[in-house]
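Reader: I'd like to learn how to read charged pairs and the core in a model like this one. Could you walk me through it?

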Amino acid sequence: YEYVKAAFVGAKGITMTAVTDLAEMEADYPCAYAVARASEPNPKHHPVIIRVEYKGEGPIDRSVYFAGKGITYDTGGADIK
């Protein structure tokens with residue numbers, strides 16, 4: 001999460017929130033938690049839900065949404081390395 005925050009330092013109009021509490025993640029994002037729960041025991045791979053929001057100046061003509069996950073190979077949350 002810290003490296004994502006660092007990437008947006010000084011960016012105008014950007015706000016960021018993160019869910020790091022596992023109970024909150026399980027309640028609010030059950031599908032993401034189901035995949036990520038295998039990485040719970042390893043602090044290096046602790047799951048985090050990050051929301052990055054941009055609010056530009058002036059009227060909004062259209063909205064664009066991006067969704068992604070920070071893993072290249074989906075192992076179901078298991079640390080196989």
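Author: Happy to! Let's begin with a term: a residue is called buried under 20% relative accessible area, exposed over 50%, and partly exposed in between. Keep in mind that this is a predicted model.

Reader: Thanks. Is Lys-5 buried, exposed or partly exposed?

Author: Lys-5 has 34% relative accessibility, so it counts as partly exposed. Glu-2, at 53%, counts as exposed.

Reader: How should I think about salt bridges, and how many are there here?

Author: Side chains of opposite charge can pair when their charged atoms come close. In this model the count comes to four salt bridges. Glu-2 and Lys-5 form one of them, at 3.4 Å from N to O.

Reader: Why are Glu-2 and Lys-5 separated by about one helical turn?

Author: Because they sit three residues apart in helix H1, which covers residues 2-7.

Reader: Which residue pairs with Lys-12?

Author: Glu-57, with the closest N and O atoms 3.3 Å apart. This pair links distant parts of the chain, 45 residues apart: Lys-12 is in the loop between H1 and strand E1, and Glu-57 is in the segment after strand E2. Both Lys-12 and Glu-57 are exposed.

Reader: Which residues are linked in a network of salt bridges?

Author: Arg-51, Glu-53 and Lys-55. Between Lys-55 and Glu-53, the closest N and O atoms are 4.0 Å apart. Lys-55 counts as exposed at 60% relative accessibility, while Glu-53 is partly exposed at 28%.

Reader: And which residues make up the largest nonpolar core?

Author: There are five: Val-19, Leu-22, Met-25, Tyr-33 and Ile-49. Leaving aside residues up to four places away in sequence, Ile-49 touches several residues, including Val-19, Met-25 and Tyr-29.

Definitions and conventions. Residues numbered from 1 in each chain as written. Predicted model: local features only at pLDDT ≥ 70, side-chain atom pairs only at ≥ 80, totals over all residues. Heavy atoms only, no water. Core = buried A, V, L, I, M, F, W, Y, C linked by side-chain atoms within 4.5 Å. Buried < 20%, exposed > 50% of the residue type's maximum accessible area, 1.4 Å probe, protein only. Contact = heavy atoms within 4.5 Å. Salt bridge = Lys/Arg side-chain N within 4 Å of Asp/Glu carboxyl O. Helix = DSSP H or I, 4+ residues; strand = E, 2+ residues; numbered from the N terminus.
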